[in-house]
Amino acid sequence: MTAADNAPPRLPSQVRLSRRLRAAIGILIIAAVGVVWFTNLFLTERFTESTRNRAELRLALYSGNLLSELKRASIVPQLLARDPALIGALNSNDYSQSTQRLISYLEEIGAESLLLLDNDGRTVAATDRNLIGSSHRTSAYFVNAVRSNDTVFTTAESDRGVTDFTYSRRVEMGGRNIGVIVVKVDLRKFEDSWAGISDAVMVTNSEGEIILSTEPRWRGLTEAEALEVRSAPSAISRAIQATTDWTPLPPDAYLQGEAVMRLGTRIPFQGWQITSFTTYASVRARVNGVLALEIMGFAILMALTFYLLSRKAQLRSMVFQQESADLRQLNQRLQREIAEREKVEKDLEVAEQTLAQSSKLAALGEMSAAVSHELNQPLAAMKTYLAGAKLLLQRKRPDEALSSFQRIDDLISRMGTITRQLKSYARKSGDAFEPVDTRAAVSSALSMMEPQLKSRKVEIITTLPRETVLVMADRIRLEQVIINLLRNALDATQSADEPKIEILLSAGETATLTVRDNGQGIEDLDNLFEPFYTTKQPGDGVGLGLAISSGIVNDLGGRLTARNGANGGAVFEMQLPILTDEVEAAE
């Protein structure tokens, strides 16, 4: 007899257990493969879409910042071409102060450099003094500006092999061309900011040539040429890479042998287009992490199955343990999804705040000029009060000197309020409007102008109503407007034999403040509220006072007008919506 004959026969229960074990193992393996495959498809598509959405959001942010910089810089040549100081320098060939004037504008404008060319294309003033005297007669920005009546944008490769972006506009006087103003825009700063992200970003012009890129060797190439800097892998290599990536979605392009997601959008400026390439590394890492957890879970489940089928006595307790493990895995998956959704919402909120802040900072240069202009009045008043206080102390009159020091302290508080307006504007939107009595604003402005008024024999006639005249405004900005009007009237009456200024405040459907003087009147009413328009001598003013005042009144919902009086002199009227009881209750 053989050993097989001596072996005990298998019992029916053992046969059923073996079949049941094989069936359970087979079902578990099929379920594991199906779940892993479905999970890979689902999560890959979902995480890829999430990555694509974030890349599209970044691309929209990059495009908006680039377009905002171009639009902001396009206004600069138009303003500088109307600067009386630069026009006078081109007419008189006296450029001794022109370079310093351009340098003073450079920080506020935020440009790379400024050039002033004469009619022959020679550099007569520049923020980079090394360029003074160089000829740009054949440069595209000079030739195009001379031929055009508008601001011209030009891109050209410099001697250093770097693309220069310039706005140029010709300077005219009396219908003839006397020079060209050139503004170089610094767009390469965006390359440094883009390089901090894992994406590769490039900007192409209307001809498909790369003009900005996070990869320096791409500049001057087309997109196809840039992607061929390193040859794409063969079909076999791509198949191996796709197997490694384990993603059902075809890649948009191959960058340095790695599959990437390509996104592009059009910039509404001369046919430009911005393109980004995002790797699938983050998608693969997140998907593979989930798949590893699932495979680990199925391995544990298979071990538990072996253990459960071999030990029927522990079936009930093992079932409870398996259910507990499944619940923990489900809870972890839900926690990961919640955390991912919160992260996406937080990124979107940060992007929206960044876009709003960029729009505010685009106008910060103009407000800086306004604050600088308005600080001149308190500084002049402080100088007068200090001189008076010194004289009083010398005459042994300390009580009256203390009053002057108190006024100086009030002026310092006022200057602090003006500078805080600049900080609040850069941090948050909206103006802190409140009900303001226009009579008190007029009295405060007259107090501010008291040193100038005492230094000259000017008759001041003030007519104010007995009742309060309330308007919704910012008190400091309203006083700034009144001070500018009084200062202009005071300057206009310098040549008058008997200078006189009338101030009339009336309340009807609107609160109307009229400032009338007996000076020489206004010669050019059309350009009166334009920036840099002034009739003063150089050094006495830059022509921003009335332009700033007009902007403030418009922000307050009113209007500022000017005309010549019937008996000579100038008449300025400021009309603001009056604050009635019904309107105040609604506010």
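Which residue in E17 is the bridge partner of threonine 514? The bridge partner of threonine 514 in E17 is glutamate 573. The legends below describe close-up views of a predicted model.

**View 1. Pairing of strands E15 and E17 in the predicted model.** Strand E15 spans residues 510-517 and strand E17 spans residues 570-577. The two strands pair in the antiparallel sense, and seven bridges link them.

View 2. The buried residues in H17 are Gly545, Leu546, Ala547, Ile548, Ser549, Ser550, Ile552 and Val553. Just after H17, glycine 557 adopts a positive phi of about 85 degrees.

**View 3. The open, antiparallel sheet of five strands in the order E2-E1-E5-E4-E3.** Its edge strands, each pairing on one side only, are strand E2 (123-126) and strand E3 (152-157). The twist from one strand to the next averages 25 degrees. Within this sheet, strand E1 (residues 113-118) pairs with strand E5 (residues 176-185) in the antiparallel sense over six bridges. Leucine 117 has valine 180 in E5 as its bridge partner. Helix H3, residues 84-92, packs on the sheet and touches E1, E2, strand E4 (163-173) and E5. The directions of H3 and E5 make an angle of about 130 degrees.

**View 4. Helix H4 across strands E1, E2 and E5.** Helix H4 is formed by residues 98-109. The helix runs at about 145 degrees to E1. Strand E2 is an edge strand of the sheet, whereas E1 lies between E2 and E5 in the strand order.

View 5. Is glutamate 191 buried or exposed? Glutamate 191 counts as buried because its relative accessibility is 5%, and the cut-off for buried is under 20%. Leaving aside neighbours within four places in sequence, glutamate 191 is in contact with Ile211, Leu212, Ser213, Thr214 and Arg219.

**View 6. A nonpolar surface patch made by Leu386, Leu393, Leu402 and Phe405.** The area of the patch is about 380 Å². Helix H12 (376-394) and helix H13 (398-427) are the elements that contribute two or more residues to this patch. Leucine 402 is located in helix H13. This leucine 402 counts as exposed because its relative accessibility is 56%, the cut-off for exposed being over 50%.

Terms used:
Residues are numbered from 1 along each chain as its sequence is written. This is a predicted model: local features need pLDDT of at least 70, side-chain atom pairs count only at pLDDT 80 or more; totals for chains, interfaces and linings use all residues. Side-chain values use heavy atoms; hydrogens and water are left out. Two strands pair if DSSP finds at least two bridges between them. Helices (H or I, at least four residues) and strands (E, at least two) are DSSP runs, numbered from the N terminus. Patches are made of residues with over 30% relative accessible area and no salt bridge: like charges are joined within 9 Å, nonpolar side chains (Val, Leu, Ile, Met, Phe, Trp, Tyr) within 5 Å. Accessible areas come from the Shrake-Rupley method with a 1.4 Å probe; for residues, only the protein chains shown count as cover. A salt bridge is a side-chain nitrogen of Lys or Arg within 4 Å of a carboxyl oxygen of Asp or Glu. Buried means under 20% relative accessible area, exposed over 50%, partly exposed in between (1.4 Å probe, protein chains only). Axes are lines fitted to C-alpha atoms, for helices over the stretch in contact, and angles run from 0 to 180 degrees between N-to-C directions. Contact means heavy atoms within 4.5 Å.
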